[in-house]
Amino acid sequence: MDDNLYTLLASRFPADRGRPLLLLEDGRELTYGEAEQTCSRFAALLAGLGLAPGERVAVQVEKSPEALLLYLACLRAGLVYLPLNSAYQAGEVGYFLENAEPGAVVAQPRSLPWLEPLAAARGIRHVFTLDEHGAGTLVDAARAGSTGFATVPRAADDLAAILYTSGTTGRSKGAMITHRNLASNAKVLHAYWGFRPDDVLVHMLPLFHVHGLFVAAHCVLMNGTAMRFHAKFDAARALADIRRSTVFMGVPTFYTRLLAEPGLDREACARMRLFVSGSAPLLAETHVQFEARTGHRILERYGMTETGMLTSNPLEGERRPGTVGFPLPGTSVRVVGDDGAALAAGEIGQIQVKGDNVLPGYWRMPEKNKEEFTADGYFRTGDVGSFSPDGYLSIVGRSKDLIITGGYNVYPKEVERAIDELPAVAESAVVGVPHPDFGEAVTAVVVPRAGQAAPTESEVIAWLRSRLANFKVPKRVFVVDELPRNTMGKVQKNVLRDRYGAGAG
Ligand code: MLC
Ligand code: AMP
């Protein structure tokens, strides 16, 4: 029996392969048949390089139809897809290549000057390019390939993807995602959210994270229908497409930006049946305003890279603002106290989860697996929450030191470490403060080294821009004489959040 996720998805493709999969911004369409053929050529190319099933293919490209097809091709060839945010800089990518040891890399042409030496130093023989228009050496090399590639059978526990998530120590961990993990979540979400034969989804999320790559794309592929496919989020374009579509998925920033569009009203959303939000907390006020303007109650769900989707508000029944709904079928979610015992409804504790959707562990980090899983096999999410008496889960905080900005995760430790490399800096603390657009804004507080001229805000920002992905770079940097500490000597980040939360100096 073949448990390759691609086999499952392909079994759901429409019998008429002339039906569209992607409706593109310029009016072109990509049919299921065309998608299958290009995907086959990519798979044949990768397999022809001698890459064995289970080898990794690292991909750092902008969003394009070909980028989606490359993901499907890796599944098809039994390779492990390793997507990287296109904003990552050389230092960040270097670590991933070192750690994951991919057999091939596909990159943006503009990255080649730094990427080729990195790949060569790590013995990676195959480097291809793919640009934002879907052109590059990958496409050129695949052009003559077979359109009849036979999907490589996979077992359910074989890896389909590795997605890196930063850690509280500042070191990224590769979440190993299996075919079972992805297939179980794809089936559950497709059913739970009631996908219909006439659905058209507006796809504006990036393709290098769980939300856009797995949640949104898998629902469409499982449904065998079309998505309106955009390179990136744009509120005006989103609104134009919402008028002629039925499902929209986004992070909370998408919704606050949509609310700023004067044209967002009931009439604009007349064809829509479902708005889904996740990846970061949706403010109850956004939920309420959106309903007042459109008549639609946003369906909020909760998930993680490591676990896929865990809970969801219901399709039918009350979608309760400020909650993430019920555990999805097949997922067990519990809230436990410090002693590990399950808590009663209303009590706040650590959220732990188990199910076919939960990762088997981190890539080559057995010690992390011991820390992150309980003896009875539950994964510690690091999120803190409570169940209501009628079963709705609310997330009230995080025990992990994590900032979520515009749906992207930033681990303060990684930014602090980069700031502390500045010779004029003695120490630093990075916190998230409320931000109207991004939900939280990365904010740095810096203590200069004694006897040295204090670095300016713009110097710190310029330094970080050359080292870190742009969304990790602090929006503000404050210079202080010392950091507030408790009696144990620990930096009081809550004090910093309060002090700089209003954007004050
Ligand atoms: C861009 N910028 C950000 C940012 N995105 N700053 C903070 N947080 C972000 N998320 C900054 C850039 O550094 C740049 O700054 C400026 O904004 C303009 O860049 P841009 O690329 O033009 O921005 P924009 O297109 O407006 O992007 C914002 C966004 C995007 C919200 C549309 O970030 C986005 O698509 N986010 C979705 C993330 C996502 O898919 N998350 C799901 C993870 S999966 P400067 O100074 O250089 O001009 C997950 C699991 C789950 O979490 O449950 O789903
Ligand atoms: P990531 O590592 O990018 O997959 O981010 C996962 C984290 O995002 C979770 O552990 C939560 O902290 C957060 N998250 C995802 N969805 C929600 C949501 N609906 N509400 C609050 N936090 C969320």
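Start at S279 and ligand 1. A polar side-chain atom of S279 sits 2.6 Å from an oxygen atom of ligand 1. I call that a polar contact, meaning a pair of N or O atoms within 3.5 Å; within protein, one must be able to donate a hydrogen and the other to accept it, and residues adjacent in sequence count only if both atoms are side-chain atoms.

A word on the source. This is a predicted model, where local features need pLDDT of at least 70, side-chain atom pairs count only at pLDDT 80 or more, and totals for chains, interfaces and linings use all residues. Residues are numbered from 1 along each chain as its sequence is written, chains are lettered from A and ligands numbered from 1 in the order in which they are written, and side-chain values use heavy atoms, with hydrogens and water left out.

Back to S279. Its phi is near 90°, a positive value in a residue other than glycine. S279 belongs to the loop between β12 (274-277) and α11 (284-294). Those labels are DSSP runs numbered from the N terminus: helices are H or I, at least four residues, and strands are E, at least two. S279 has a relative accessible area of 25%, so it counts as partly exposed. The scale is this: buried is under 20% relative accessible area, exposed is over 50%, and partly exposed is in between, with a 1.4 Å probe and protein chains only.

Now the rest of the ligand 1 site. K232 places a polar side-chain atom 3.0 Å from an oxygen atom of ligand 1. For R465, an N or O atom of the side chain is 2.8 Å from an oxygen atom of ligand 1. How much of ligand 1 does the protein cover? On its own, ligand 1 has 1,000 Å² of accessible area, and the protein covers 77% of it. Areas come from the Shrake-Rupley method with a 1.4 Å probe; for residues, only the protein chains shown count as cover.

The largest share, three residues, is from α10. In all, 24 residues surround ligand 1, and the closest are R257, S279, R301, T405 and R465. Near here means one heavy atom within 4 Å. Domain 2 (193-297) and domain 3 (403-503) each supply at least three residues to the shell. The domain bounds come from an automatic or database domain assignment.

On to ligand 2. E300 has a polar side-chain atom 2.9 Å from a nitrogen atom of ligand 2. T305 uses its backbone: an N or O atom there lies 2.6 Å from an oxygen atom of ligand 2. N409 brings a polar side-chain atom to 2.7 Å from an oxygen atom of ligand 2. Taken alone, ligand 2 exposes 500 Å², and the protein buries 91% of that.

Last, the core. The largest nonpolar core has 113 residues, and W193, F248 and M249 touch the most other members. Such a core is a set of buried Ala, Val, Leu, Ile, Met, Phe, Trp, Tyr and Cys residues joined through side-chain atoms within 4.5 Å. Helix α8 (residues 210-223) gives the most, ten residues. Why does this core lie between domain 1 and domain 2? Because both domain 1 (5-21 + 30-154) and domain 2 (193-297) give residues to it.
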